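Dear colleague,

Please find below the structure that I am handing over to you. My notes on the ligand site and on the helix packing follow.

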Amino acid sequence: MINVLFVCLGNICRSPMAEAIFKEKVKGASLENTIAVDSAGTGDWHIGNSPHEGTLAILKKHRIDHEGITARQVQKQDMEEYHYIIGMDAENIGNLSRMKGLRPSGEIARLLDFIEDGKEDDVPDPYFTGNFDYVYELVNEGCEHLLMHIREKEGL
Ligand code: 4NP
């Protein structure tokens, strides 16, 4: 199994959105038995909570399943278990890079860095901006490119 973990700050807005969207794309490529997807936050405020209502609304609008997604905090053990750890912004990457023990073949990367000449580097936090539509657009494009990257790298 190839394990992919999406990471943001609270794990209620951006990374659960990315988890749901990426799962949909993995399923569309019939790779659900090959690629496992989860998400986590660097902060601990929302552990056990469902995604933010703005994330739930945008997933519903695009008919994307979000069943069973609840917030958790990134653990040290995640660094050993996940092959791709994908942050939403530079702050997430900074926090992740300070956690030691990334598996030798593991990758820590920012989602939008997979898009060449994209319009943003960081996924803006809709918890503060309120713009879930724009975040959906960015995350959807980022996930498309991430899947292409993983398929190429893993020969899938
Ligand atoms: P997220 O957004 O990192 O995209 O889940 C946030 C959610 C909650 C908080 C910050 C960011 N918070 O400070 O509680």
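A crossing is called left-handed if the near helix is turned anticlockwise from the far one by less than a right angle, and right-handed if clockwise. The model is predicted: local features need pLDDT of at least 70, side-chain atom pairs count only at pLDDT 80 or more, and totals for chains, interfaces and linings use all residues. Residues are numbered from 1 along each chain as its sequence is written, and side-chain values use heavy atoms, with hydrogens and water left out.

Helix packing

Helices are DSSP runs (H or I, at least four residues) numbered from the N terminus. Axes are lines fitted to C-alpha atoms over the stretch in contact, with angles from 0 to 180 degrees between N-to-C directions. Helix α1 (residues 14–28) packs against helix α2 (residues 53–61) at about 20°, their axes being 9 Å apart. α1 is therefore roughly parallel to α2 (angles under 35 degrees; over 145 is roughly antiparallel, 65 to 115 roughly perpendicular, the rest oblique). Their crossing is right-handed. Between α1 and helix α6 (residues 132–154), the axes come within 9 Å and cross at roughly 50°, so α1 is oblique to α6. The crossing of α1 and α6 is also right-handed.

Ligand site

The residues around the ligand (a heavy atom within 4 Å) include Cys 8, Arg 14, Trp 45, His 46 and Asp 125. Backbone polar contacts (N or O pairs within 3.5 Å) reach ligand oxygen atoms from Asn 11 at 3.2 Å, Ile 12 at 3.0 Å and Cys 13 at 2.9 Å. The protein buries 92% of the 350 Å² that the ligand exposes when taken alone (Shrake-Rupley method, 1.4 Å probe).

Kind regards

Conventions
A polar contact is a pair of N or O atoms within 3.5 Å; within protein, one must be able to donate a hydrogen and the other to accept it, and residues adjacent in sequence count only if both atoms are side-chain atoms. Helices (H or I, at least four residues) and strands (E, at least two) are DSSP runs, numbered from the N terminus.
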